[in-house]
Amino acid sequence: MATHLDDEEELQKIKTWWKENWLALVGGLVIGFGAIGGWEGYKNWKNARAEAASQLYVDLSVHLRSGEMEQSEAIVSTLKAEYSGTPYAAAGALALAGAQVEAANLDQAVSSLGWVIDNADDDGMVEAARLRKARLLFAQQKHDEALGLLKSGANGFASLYSELRGDIQLAKGERDAARTAYEEALSQAEVDARNRNLLQQKLDDLAVGAAS
């Protein structure tokens, strides 16, 4: 009998709890299922954006190979405006900069590389863009501006940064600073780095110049 009464009491408690909480419970379930559906929808949306950006990058490659700069610039503008969160936007701007250099549009190339530096998520791509921009500024004899980009390098770019810094300082007539930069570049270079022999030649030339 006691057991029956206990069961009745427990059942009544459940009914009371359900009456007081059913709305929140159902709402939670709806939100939960909505979150699952929302996450799936977000993934689908993100995949669709990546595919669209990828196709634009393929189109860009075709136009760049054909030397169609106007179409190429339009595609990169779309990538930067609508797909800046994808790696294709930075890669596209980097590729366009290379074509702009070949077309002797150095100011435009500097601008394209600056966008990559400011917006790319990949550190290696940022370092590559910074090095290329510094080289262009050096070619334009904007020595101090170029040096400002070469304060430090990472991800395998340290030696290249130091070497370019030495080239710029040598062009400014700062031979001692150039020698220090070349020595740093040589110490930072991998054993099989392609620029090791050139670095040594630059150091030897400075030594000959100092002796004469």
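Predicted model: local features only at pLDDT ≥ 70, side-chain atom pairs only at ≥ 80, totals over all residues.
Visitor: Which residues have the most contacts inside the largest nonpolar core?

Guide: The core in question has 37 residues. The elements that give two or more residues to this core are α1 (2–65), α2 (69–82), α3 (87–102), α4 (106–119), α5 (123–139), α6 (143–148) and α7 (158–171). Inside the core, the residues with the most contacts are L79, V116 and L150.

Visitor: With which residues is L79 in contact, leaving aside its neighbours within four places in sequence?

Guide: L79 belongs to the residues with the most contacts inside the largest nonpolar core. Once the neighbours within four places in sequence are left aside, the contacts of L79 are A53, L56, S84, Y88 and A89.

Visitor: Are α2 and α3 roughly parallel or roughly antiparallel to each other?

Guide: Two packed helices are described by the angle between their axes and the distance between the axes. For α2 and α3, the axes come within 9 Å and cross at roughly 155°. An angle over 145 degrees counts as roughly antiparallel. The helices α2 and α3 are therefore roughly antiparallel.

Visitor: Is the crossing of α2 and α3 left-handed or right-handed, and how many charged residues does their contact have?

Guide: Where α2 passes α3, the crossing is left-handed. Residues of α2 in the contact include M69, V76 and L79, and those of α3 include Y88, A89 and L96. By class, the contact has eight nonpolar and three polar residues, and its charged residues number two.

Visitor: How are α4 and α5 directed relative to each other, roughly parallel or roughly antiparallel?

Guide: The axes of α4 and α5 are 9 Å apart, and the packing angle is about 155°. Since angles over 145 degrees count as roughly antiparallel, α4 and α5 are therefore roughly antiparallel.

Visitor: How many nonpolar residues are in the contact of α4 with α5?

Guide: The contact includes L106, L113 and V116 of α4, together with M125, R130 and L137 of α5. One residue of the contact is polar and three are charged, while the nonpolar residues number 11.

Visitor: Is S162 buried or exposed?

Guide: S162 lies in helix α7. Leaving aside neighbours within four places in sequence, S162 is in contact with A181, E184, A185 and Q188. Residues under 20% relative accessible area count as buried. With a relative accessible area of 2%, S162 is therefore buried.

Terms used
Residues numbered from 1 in each chain as written. Heavy atoms only, no water. Core = buried A, V, L, I, M, F, W, Y, C linked by side-chain atoms within 4.5 Å. Buried < 20%, exposed > 50% of the residue type's maximum accessible area, 1.4 Å probe, protein only. Helix = DSSP H or I, 4+ residues; strand = E, 2+ residues; numbered from the N terminus. Contact = heavy atoms within 4.5 Å. Axes fitted to C-alpha atoms, helices over the stretch in contact; angles between N-to-C directions. Parallel < 35°, antiparallel > 145°, perpendicular 65-115°, else oblique. Nonpolar A, V, L, I, M, F, W, Y, C, P; charged D, E, K, R; others polar. Left-handed = near helix turned anticlockwise from the far one by under 90°.
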